[in-house]
Amino acid sequence: QRVSQSMAVRATVEPARLEARIRELVKARDPLLAPPKFKTMAQALAERVAPRRFTLVLLAAFGALAGGLATIGLYSVLAYLVAERTREIGIRMALGASAGRVRRMILRQGLWLTIAGLVVGGIASMSAVRVLRAWMYEMSVYDAPTFMAVAGLLCLVALLASWLPARRASRVDPV
């Protein structure tokens with residue numbers, strides 16, 4: 001029966017320079033022992049957190065996919081609303097509404113949809129972060145700058161997704 005043993009060595013020099021000397025000391029102590037395998041603490045820690053890191057990368061990929069789907073969904077909803085309201089927009093423009101005002105109206109709709117999604121998503125993410133706390137290594141789960149950056153990015157993406165339908169609405173011919 002083979003027993004696994006490990007040893008930690010603290011050094012001020014490069015760890016690779018110590019390997020040969022440690023091998024000699026182990027062999028001198030007991031020639032029947034298998035030669036030791038070396039890894040730095042950084043390597044050992046990386047191996048230990050690799051499964052969690054993979055899971056978090058996978059979660060990030062799914063999050064990016066969800067963000068893309070949300071962008072496409074917002075664009076689709078606004079494009080549909082603009083198509084359904086073409087007559088109304090034409091009447092507004094015939095009564096004197098400027099193209100800029102029509103654009104702002106459609107962009108405002110997109111912004112309200114985005115804010116509603118951010119509120120619901122913010123509440124859900126605060127709940128989900130409790131679950132993820134156990135998976136995070138050396139990271140704060142309640143990272144306000146990250147939450148704000150993501151919310152800002154989502155607002156920017158929503159603005160871009162709203163821009164095309166708004167531009168299309170502002171070009172409606174009143175006739």
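Visitor: Which helix is isoleucine 72 in?
Guide: Isoleucine 72 belongs to helix H2, and leucine 69 lies in that helix as well, which covers residues 41–84.

Visitor: And leucine 69, buried or exposed?
Guide: Leucine 69 is exposed, because its relative accessible area is 54%, and that is over the 50% cut-off.

Visitor: Which residues make up the nonpolar surface patch?
Guide: Leu69 and Ile72 form the patch together with Phe54, Leu58, Phe62 and Leu65, and its area is about 640 Å².

Visitor: How confident is the prediction across the protein chain?
Guide: The average pLDDT of the protein chain is 83, and 93% of the residues score at least 70. Confidence is lowest in helix H1, residues 15–29, with a mean of 83, and highest in helix H3, residues 86–94, with 87.

Visitor: Switching to charges, how many salt bridges turn up in the whole structure?
Guide: A search of the whole structure gives five salt bridges. Among them is the one between the side chains of arginine 23 and glutamate 19, at 3.9 Å from N to O, and another joins glutamate 47 and lysine 39 at 2.8 Å.

Visitor: Where do arginine 23 and glutamate 19 sit?
Guide: Both are in helix H1, four residues apart, which is about one turn of the helix. Arginine 23 counts as partly exposed because its relative accessibility is 35%, and glutamate 19 counts as partly exposed at 27%.

Visitor: Last topic, where does H5 bend?
Guide: H5 bends by about 30 degrees at tryptophan 163, and proline 165 follows within four residues. Pro165 is one of the buried residues of H5, which also include Ala161, Ser162 and Ala166.

Visitor: How does the span of helix H5 compare with what it should be?
Guide: At 1.5 Å a residue, the 27 residues of helix H5, residues 144–170, should span 39 Å, and the end C-alpha atoms are 37 Å apart, so the two agree.

Notes:
Residues numbered from 1 in each chain as written. Predicted model: local features only at pLDDT ≥ 70, side-chain atom pairs only at ≥ 80, totals over all residues. Heavy atoms only, no water. Helix = DSSP H or I, 4+ residues; strand = E, 2+ residues; numbered from the N terminus. Buried < 20%, exposed > 50% of the residue type's maximum accessible area, 1.4 Å probe, protein only. Patch = residues over 30% accessible without salt bridge, like charges linked within 9 Å, V, L, I, M, F, W, Y side chains within 5 Å. Areas by Shrake-Rupley, 256 points an atom, 1.4 Å probe, with all protein chains shown as cover. Salt bridge = Lys/Arg side-chain N within 4 Å of Asp/Glu carboxyl O. pLDDT = per-residue confidence, 0-100. Expected span 1.5 Å × (residues − 1). Bend = angle between axes of the 7 residues up to and from the residue.
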